[in-house]
Amino acid sequence: MNHDPLYRSLAGARAIADSYGRLLKRWPPSFQALRFATGLGEAFAMRGGREGGPAVVMLHGSGSNGAVWMGTSAELGRIARTYALDLPGEPGNSAAIRCAWVGMVDWLGEVRRQIPERPLVLLGNSLGGWLAMASAAADPAGVAAVMTICPAGICPRRSSYRWYALAARLAGKRGPRVMEKANLRGQKMDDDFREFFDQAARHFIYRPSVPILGDDDLRRLDMPFGYWAGKKDILLPTKKIARRLRRFVPRADIFIDKKGGHGYHPPASALRDWLARKLSLSNP
């Protein structure tokens, strides 16, 4: 267990918490906040959608929290029960503590066992994509499908990413907009989310890269698997990831947006339609 600080200052931690508090108020009234007990402390989630399952467990990227799934939760909630989790050691409402990467997989296993609906679907973005895959590979029981968006942990990061980071630093106050433009590639971000990510970039201490999943880990992902990514991802090598998935993940469906960056999120309706087909669900 790692007790290193998550934030550069107490004032920065408060600024991020205040910004996240404003995002939490935007969840529709049909969603409820709940907490799970785990060995790392409490795990926070927003639950909504159709009662009775299946359950879609939603895992965000680094420097983020479950609020990024707000729109996707509403759409997937038409066919499933959704749980938008805050990961521990990230700027959300779960335990403000970090652990080894294998501990993250154990943490998700604890949460999975407390979710009553079955089957489970694991949906993850970037860091959360790695966690969804690692959890399903470690314990595939009850996992009906894995859905990933720009997932980390399949191939190493692009070495060229450091040049974008350098350009952002040299841009001074315009640095966050430089990175936003490079990551979103035309997709839009509203003001509340922009404020949160600006605060996170300024005050949050990001984790190092996740470990790369082994060939055998990927082979164990023999459930329906979806990979959505942007061709212009500045952080992860989309084509190399697609090739490795085609080689080792037997049921991988690959969807690459020609203009998308690392901040790419596919239309929520596309995620819903894919899941409904794979699980033979009624799709209103």
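Ser-126 lies in the loop between strand 5 and helix 4 (127-138), helices (H or I, at least four residues) and strands (E, at least two) being DSSP runs numbered from the N terminus. The model is predicted, so local features need pLDDT of at least 70 and side-chain atom pairs count only at pLDDT 80 or more, whereas totals for chains, interfaces and linings use all residues. Residues are numbered from 1 along each chain as its sequence is written, and side-chain values use heavy atoms, with hydrogens and water left out.

Ser-126 is not a glycine, yet its phi is positive, at about 55°. Its relative accessibility of 11% counts as buried (buried means under 20% relative accessible area, exposed over 50%, partly exposed in between; 1.4 Å probe, protein chains only). Cys-150, also not a glycine, has a positive phi of about 45°. Cys-150 is placed in the loop between strand 6 (143-149) and helix 5 (161-170) and is buried, with a relative accessible area of 1%. Asn-125, in strand 5, is buried at 11%. Leaving aside neighbours within four places in sequence, Asn-125 is in contact with Leu-59, His-60, Gly-61, Trp-69, Ile-149, Cys-150 and His-265, contact meaning heavy atoms within 4.5 Å.

Two cis peptide bonds are described here. One joins Gly-53 and Pro-54, with omega about 0°; Pro-54 is in the loop between strand 2 (41-49) and strand 3 (55-59). The bond from Arg-118 to Pro-119 is cis, with omega near 0°, and Pro-119 is in the loop between helix 3 (101-114) and strand 5 (120-125). Most residues other than glycine have a negative phi, and most peptide bonds are trans.

An open sheet of mixed pairing is formed by 8 strands in the order 1-2-4-3-5-6-7-8; two strands pair if DSSP finds at least two bridges between them. Strand 1 (32-38) and strand 8 (252-257) are at the edges with a single partner strand each, so one side of each has no neighbour in the sheet. The twist from one strand to the next averages 20°. Strand 2 and strand 4 (residues 81-85) run antiparallel and are joined by 5 bridges.

The axes of helix 3 and helix 4 come within 9 Å and cross at roughly 70°. Axes are lines fitted to C-alpha atoms, for helices over the stretch in contact, and angles run from 0 to 180 degrees between N-to-C directions. Helix 3 is therefore roughly perpendicular to helix 4 (65 to 115 degrees).

By the rule applied, the count is 15 salt bridges, each a side-chain nitrogen of Lys or Arg within 4 Å of a carboxyl oxygen of Asp or Glu. Glu-75 forms a salt bridge with Arg-272, the closest N and O atoms being 1.9 Å apart. Glu-75 lies in helix 2 (residues 70-76) and Arg-272 in helix 10 (residues 268-279), so this pair ties together parts 197 residues apart in sequence. Glu-75 is buried at 19%, and Arg-272 is buried at 8%. Glu-75, Arg-78, Arg-272 and Asp-273 are linked in a salt-bridge network. Arg-207 and Glu-90 meet in a salt bridge of 2.7 Å, N to O; Arg-207 is buried at 9% and Glu-90 at 1%.

Key: Angles under 35 degrees count as roughly parallel, over 145 as roughly antiparallel, 65 to 115 as roughly perpendicular and the rest as oblique.
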